[in-house]
Amino acid sequence: MFYRETGQFKSKYKEELAAFPLAEDKVGIAILLVIAYVFIPLFGIPGLSFEFTMGAIMIPVFIFTITTLGLNILLGFAGQISLGTGAFMGVGAYSCYKIMTIFPDLNIIICVILSGLVTAIVGMIFGLPSLKIKGFYLIVATLAAQFFLEWAFIRVAWLYNYNDSGGIEGTNKEMFGLIVSGPQSDALTRYFIVLTLLVLLTWLASNVIRGRIGRSWMMIRDMDIAAELIGVRPLTAKLSAFAFSSFYIGISGALMVFFWLGAAEVESFDVNHSFTYLFMVIIGGLGSITGSYMGAALVWVIPVLIKEIGKTAFGFDAFVMENFSIIFLGVAIVVILIVEPHGLARLWQITKQKLRLWPFPY
Amino acid sequence: MKKLFIGAVMALGTAFSSVSLSFADELLVPNMTYRVGPYAANGTMMANGFTDYFLMLNERDGGIGGVKVKAEECETGYKAQVGVECYESYRGKNALVHTPNSTGITLQILQKAPEDEVPILTMGYGLSAAAKGETFPWAFNYPTSYWSQMTSILSYIESQGGLKGKKIGFLYLDVGYGREPIPVLEELGPKMGFETLYVPVAGKEMQNQSSHWLTIRKEKPDWVIMWGWGAMNPTAIKEAAKTRFPLDRFIGNWWSGAHVDTQALGSKAKGYLASSFTTTGTDFPAIQDMIKYVVKPGGSKTEMGMPGKVLYNRGMFNAVIIAEAIEVAQKMTGKKNVTGADVRLGLENIKLDEARLKELGLEGFTAPVIGSCADHENGGSIFVQQWDGSDWKRITGLIPPMTDVVQPLLTAAAEKYVSDKSGWTTQKCN
Amino acid sequence: MEILYAILIAPFVEMGAYPDLFIQALWDGFVAGTLYGLIALGFVLIFKASGVFNFSQPILVVLAALSLVSFYKLGIPAWISVILVLIMFYILAWLVERLILRQLVNQDGNILFMSTIGLTFIIIGAAQWIFGGVPSAMIVNELGFPNGSLEWPMFGGGVYFEMIDVSAAVIAVIMIVILAVFFSKTKIGRGLRAVADDHQAALSVGISLNQIWVIVWFVAGIVALVTGIFWGARSDVSFALQIIGFKALPVLIIGGFTSIQGAIIGGLIIGLGEKIFEIYWGPLLGSGVEGWFAYVIALVFLLYRPQGLFGDKLIERV
Amino acid sequence: MSEKNSVIMEVKNINLRFGGVIAIQDVSFNIFEGEIRAIIGPNGAGKSSMLNVINGFYHPQEGEVWFNGEKRPSMEPYQIAKTGIARTFQNIALFKGMTTIENVMTGRQLKMNKNFFWQMLRYGPAIDEEVQHRRRCEEIIDFLEINHIRKTPVGSLPYGLQKRVELARALAMDPKILLLDEPMAGMNVEEKQDMSRFIIDVNEEFGTTIALIEHDMAVVMDLADRVVVLDYGKLLADGTPAEVQSNQAVIDAYLGVPH
């Protein structure tokens with residue numbers, strides 16, 4: 001009743017090509033932005049402490065949404081499976097650290113973006129095998145990237161400036177007289193920065209996937225031979241997907257260390273994290289931007305809440321809750337794949353379709 | 001539909017509000033444990049000893065200074081990132097002191113401690129340089145640091161036929177923890193005239209060490225020192241036996257010499273050495289009390305055989321230091337409900353001397369721990385224990401660290417650590 | 001120049017100088033390779049018969065070893081424990097087929113693959129919950145495997161053969177022979193092979209697709225149990241074993257996803273290659289190269305033989 | 001359908017083998033500009049392989065392909081697509097995850113070139129380009145009467161419509177030669193009539209040269225200007241439908257092959 005296309009005619013193709021052709025969608029996005037920019041900073045999430053909301057929920061969810069967007073570009077839009085996401089986040093984090101120590105006065109946001117570019121290049125290099133191999137073989141190739149990079153993060157001491165600890169850590173960084181990163185930075189400041197980057201990156205991603213380049217990825221994904229015969233150059237299409245995806249993943253890695261954790265060592269980038277990000281994409285929905293948000297939020301928040309509620313409200317052991325949340329993730333994956341392989345995003349779409357008809361089912 | 005939605009929101013709201021319920025009159029001591037993951041065997045024992053001690057205090061004495069202690073576990077799986085999440089989840093909850101139980105986690109939260117004003121006690125792990133109290137007001141290394149320990153171990157080897165001209169193999173878990181003592185080896189190698197063979201074991205290869213031991217066989221070191229943890233330890237001992245490396249020339253650090261590492265191997269591990277700073281066995285009144293008040297009645301996850309085991313006792317000792325610091329803090333401030341900042345003072349003024357240890361029911365359990373503002377390490381002595389095929393037996397007296405070697409290294413490392421950190425909080429001690 | 005010497009000559013000089021060590025390295029590589037091959041075999045069985053890339057095979061190894069030891073600890077005799085584990089795996093195979101595979105029939109291979117990652121998590125969580133995280137020793141003696149080791153003195157040193165490793169190699173060979181015979185000579189085996197190519201053909205042999213899935217998962221479970229016993233004997237039985245399972249992936253690349261012999265030969269190539277490389281060349285790179293070297297071998301293979309040593313060649317058509 | 005005798009494409013002495021199997025043996029023929037050329041033959045005669053050679057998916061061991069009066073060097077398929085060869089597939093090869101309009105837009109890929117930067121902003125040249133090509137695609141969609149399914153994911157369309165979307169996608173490439181691999185396979189009579197009508201319309205209105213493979217002889221005889229007959233990879237006959245129909249070799253080859 002309230003959500004429908006009828007009556008909203010487009011007189012120009014340009015209007016139809018806009019990000020949100022439906023007025024209701026525009027309103028919805030505006031409301032979400034207001035919530036994110038105004039309500040959460042002002043009121044937090046009811047019932048949760050502000051520090052917890054920021055540090056354990058909002059900031060990591062936003063960062064992982066960027067990761068998920070990146071992986072979704074590769075897996076959901078270009079159809080190339082990667083289990084190297086964790087390590088590529090590491091590339092972002094370590095290169096950001098190196099850039100920060102080599103140019104201490106450089107603005108940290110620029111550092112983050114540069115580290116995304118470095119990751120894009122590394123991603124392209126490790127994407128090269130995809131030209132020759134596909135499917136399960138590519139999984140193994142990306143695992144090779146994962147394990148090689150993990151090794152490099154340990155063995156190449158230059159990457160962590162020969163620290164005794166072998167890890168990287170952020171220091172206080174200022175921007176416009178405000179400490180934006182490092183131990184003394186305010187959670188709210190970091191929240192706004194991460195949120196703004198997320199909004200920006202979402203907008204860019206949605207632009208690219210609706211245009212020529214995004215279509216070439218989807219062509220490769222849906223039927224690579226036909227794509228090639230129509231004129232898509234596999235080299236360009238696959239490598240640009242690897243690069244663009246790695247750009248996002250690299251940025252999220254840098255953000256994770258310098259706007260959330262504060263420090264990291266190699267295990268923050270290990271293969272288990274790669275699985276977690278894969279889960280975010282699958283549960284959220286392959287090839288869906290909305291899904292990336294849903295997947296990251298769900299996969300991150302549910303275990304945190306399971307642990308927190310289990311501990312404080314029911315007095316369960318941390319041990320039991322940990323195992324319970326591992327099982328929950330596994331079950332969630334299997335159930336989603338069975339019920340709707342396109343994830344929560346498709347379920348949401350179906351709900352929207354129904355909303356168009358609501359309250360009259362015909 | 002709408003009703004359902006409102007219902008759901010309300011249910012969630014109730015759940016949330018229960019999360020944030022805070023309890024008055026309680027001393028919150030979080031403990032980052034790992035009962036899952038590849039290091040679970042060790043983590044479980046540590047966690048049990050730690051938790052049981054506080055449960056015992058609650059049962060026997062009604063807590064500390066009349067306030068019950070809430071020793072709350074946060075499961076990390078020995079993952080640094082999860083550890084940070086645990087840390088974040090305690091913000092604003094008036095946690096008194098953090099126990100990361102992992103060097104990796106310590107390194108990541110070290111910078112945050114001054115901002116949150118909650119001290120970190122890394123008992124026998126963590127960043128060695130944290131021993132410098134002036135540079136690291138919020139971090140404590142009691143009773144001694146990795147670097148001190150390494151010098152003690154080298155002293156022991158020196159006493160067993162000398163180091164000059166020898167080749168020392170250093171087999172270590174390739175994470176922050178395992179790499180910690182490398183600077184000491186690099187410093188002392190030329191000075192004492194030994195050569196070091198570094199054999200890193202990646203976390204993934206922990207249970208697949210045959211090539212590491214072939215390398216050791218190829219290079220023929222006279223001694224092998226191990227900085228191992230979790231499943232790495234038993235695998236290493238087994239491989240050592242397999243390659244016919246003499247086990248009485250194979251010495252683990254204090255995290256590589258526990259019952260869980262050797263028990264399954266039994267007589268195969270006979271002769272293997274390890275350092276320690278806590279005594280095994282249950283012949284201490286404090287441990288007897290824990291068995292009586294907590295373990296026997298089934299008040300915790302501890303099984304009857306666990307108390308007295310190396311890591312159980314060590315986990316308990318970690319709790320003893322914290323309990324003592326809280327008590328000191330209560331006395332110094334006159335408050336019952338102390339804060340993290342108070343406990344930091346308590347830690348600096350801790351005085352676990354022979355007399356106090358006896359009072360606590362731990363006579364002869366360990367070397368005394370005397371805190372101070374400048375020295376957050378205490379430079380404690382260790383002893384060496386040996387596996388006799390069925391139990392760990394202490395075979396040496398206390399071996400002090402080479403303070404003259406370690407102190408300058410610590411100072412330099414502390415300076416290096418803060419050199420690139422603007423706005424780092426330090427303190428002046430007099 | 002020095003670097004070239006260190007890469008090209010020094011390692012071989014060392015091999016010649018200490019031949020006992022070299023032979024020991026070969027033997028260790030051989031045993032490790034056999035076990036990698038066994039894990040890969042579990043993958044191959046399931047892939048061959050159902051086209052599912054079963055990511056949960058490594059955790060099945062852990063589950064098999066853990067439950068065997070746990071049954072024994074409950075006071076059940078060793079061999080009865082083995083039978084109980086087998087029964088448990090049959091039930092598990094049936095559940096997997098009922099609750100997961102049957103629901104996903106006709107889905108894309110990637111989706112089935114991801115569902116097995118989900119299964120992996122379910123098993124990890126459940127097994128940790130039930131068995132706890134404490135590693136235990138494998139009940140080698142109780143199962144009647146020989147103890148101790150053989151010593152073969154030579155060149156002033158010696159080569160040591162652990163009896164349990166010898167048993168592992170022997171059992172692995174027996175398993176491969178049995179499986180090869182099973183696939184080529186028995187009705188069920190032929191049905192299994194047929195089902196990969198053509199579901200109708202499998203039906204004509206008189207077995208339903210669902211039964212076949214249960215059977216291969218069960219057989220893969222048996223392979224997992226054997227792997228678990230021997231790898232558990234080499235180190236301890238704990239969740240860290242799962243990580244070793246990842247080594248099976250490069251083995252698959254080399255041997256091909258569908259070949260039983262390929263799994264074993266690929267395993268040996270990886271096992272021998274990584275041990276020799278780690279011992280003689282690893283120190284040049286700061287050691288610890290074992291973790292990724294297997295993948296490098298695999299990638300080199302991919303560039304020259306994308307279908308593996310024994311895999312079926314693919315002709316693309318439109 | 002008048003005779004236009006300028007040769008646009010010629011294949012000379014093509015030999016194609018897969019391992020030991022011979023797929024095409026010494027086949028030569030040409031295609032005139034603006035004609036409808038049919039390739040027929042029994043199953044396994046090498047028809048689809050021939051199309052694959054023409055658009056560069058298979059590289060023949062011997063033989064030459066001449067296009068626009070020039071000998072074509074060895075090229076990758078995407079480069080050949082650029083020279084103006086489009087095709088449809090025997091087993092529909094649409095992009096299943098995309099809608100009809102998106103599928104048709106993929107045909108315009110080659111003609112779009114605005115760089116990553118503009119694509120990211122989706123502003124200025126990038127959006128202008130998008131609008132301009134979108135317009136052309138909408139025209140083709142109108143032309144093929146698939147307006148009603150513009151926004152439907154193609155995976156859920158019935159078979160006949162999918163074939164039509166595939167034709168639309170090929171047309172969107174504005175090809176010089178359109179290769180159709182069994183455009184009417186599996187259709188009922190009515191759908192076949194529709195498709196025939198579209199093929200003729202395309203040929204007449206856009207002047208597109210068409211080479212098609214078809215099994216239904218009646219359709220071929222109606223549509224084609226000239227016919228090539230292949231059998232076991234060899235050229236059996238080449239000529240107008242009438243010539244081919246009366247060729248004894250062709251009659252023999254088809255005898256006993258029921259349709």
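# Reading helices, chains and contacts in a predicted model

Author: In this predicted model, helix α2 (residues 19–50) of chain C packs against helix α3 (residues 57–73) of chain C at an angle of about 120 degrees, and their axes lie 9 Å apart.

Reader: What makes the contact between α2(C) and α3(C), residue by residue?

Author: From α2(C) come C:I39, C:G42 and C:F43, while α3(C) brings C:Q57, C:P58, C:L60 and C:V61. Two residues are in contact if their C-beta atoms, placed from the backbone, lie within 7 Å. By class, this contact of α2(C) with α3(C) holds five nonpolar residues, two polar ones and no charged ones.

Reader: Is the crossing of α2(C) and α3(C) called left-handed or right-handed?

Author: The way in which α2(C) passes α3(C) is a right-handed crossing.

Reader: Why is the radius of gyration of chain C said to agree with that of a compact globule?

Author: The rule for a globule is 2.2 Å times the number of residues to the power 0.38. With the 318 residues of chain C, a compact globule would come near 20 Å, and because chain C has 21 Å, the value is said to agree. The C-alpha atoms of chain C fill a box of roughly 60 × 60 × 35 Å along the principal axes, and its secondary structure comes to 13 helices and two strands.

Reader: How many of the residues in chain C are called buried, and what makes a residue count as such?

Author: A residue is buried if 20 or more other C-beta atoms lie within 10 Å of its own, and buried residues make up 52% of the 318 residues in chain C. Of the contacts in chain C with a separation of 6 or more, 73% are between residues 24 or more positions apart.

Reader: What does the radius of gyration of chain B say when it is set against a compact globule?

Author: For 430 residues a compact globule would have a radius of gyration near 22 Å, and chain B has 22 Å, which means that the value agrees. The box filled by the C-alpha atoms of chain B is roughly 75 × 50 × 50 Å along the principal axes. Chain B has 16 helices and 13 strands, and 62% of its 430 residues count as buried.

Reader: How do you know which residues of chain B have a pLDDT under 50?

Author: The predictor gives each residue a confidence from 0 to 100, and in chain B this score stays under 50 over residues 1–5, for which the model has zero contacts beyond four places in sequence. The score also stays under 50 over residues 16–23 of chain B, although for these the model has 17 contacts beyond four places in sequence. Chain B as a whole averages a pLDDT of 87, and 94% of the residues score at least 70.

Reader: What makes up the side of chain A that touches chain C, by class of residue?

Author: The contact takes 31 residues from chain A and 40 residues from chain C. On the side of chain A, α6 (135–155), α11 (271–284) and α13 (318–339) each supply at least two residues, and α13(A) gives the most, with 12 residues. By class, this side has 26 nonpolar, three polar and two charged residues.

Reader: How many residues of each class are on the side of chain A that touches chain B?

Author: Here 33 residues of chain A are in contact with 42 residues of chain B. The side of chain A that touches chain B has 13 nonpolar, 13 polar and seven charged residues.

Definitions and conventions: Residues are numbered from 1 along each chain as its sequence is written. Chains are lettered from A and ligands numbered from 1 in the order in which they are written. This is a predicted model: local features need pLDDT of at least 70, side-chain atom pairs count only at pLDDT 80 or more; totals for chains, interfaces and linings use all residues. Helices (H or I, at least four residues) and strands (E, at least two) are DSSP runs, numbered from the N terminus. Ala, Val, Leu, Ile, Met, Phe, Trp, Tyr, Cys and Pro count as nonpolar, Asp, Glu, Lys and Arg as charged, and the others, Gly among them, as polar. Axes are lines fitted to C-alpha atoms, for helices over the stretch in contact, and angles run from 0 to 180 degrees between N-to-C directions. A crossing is left-handed if the near helix is turned anticlockwise from the far one by less than a right angle, and right-handed if clockwise. A residue is buried if 20 or more other C-beta atoms lie within 10 Å of its own, exposed if 12 or fewer, and partly exposed in between; C-beta atoms are placed from the backbone.
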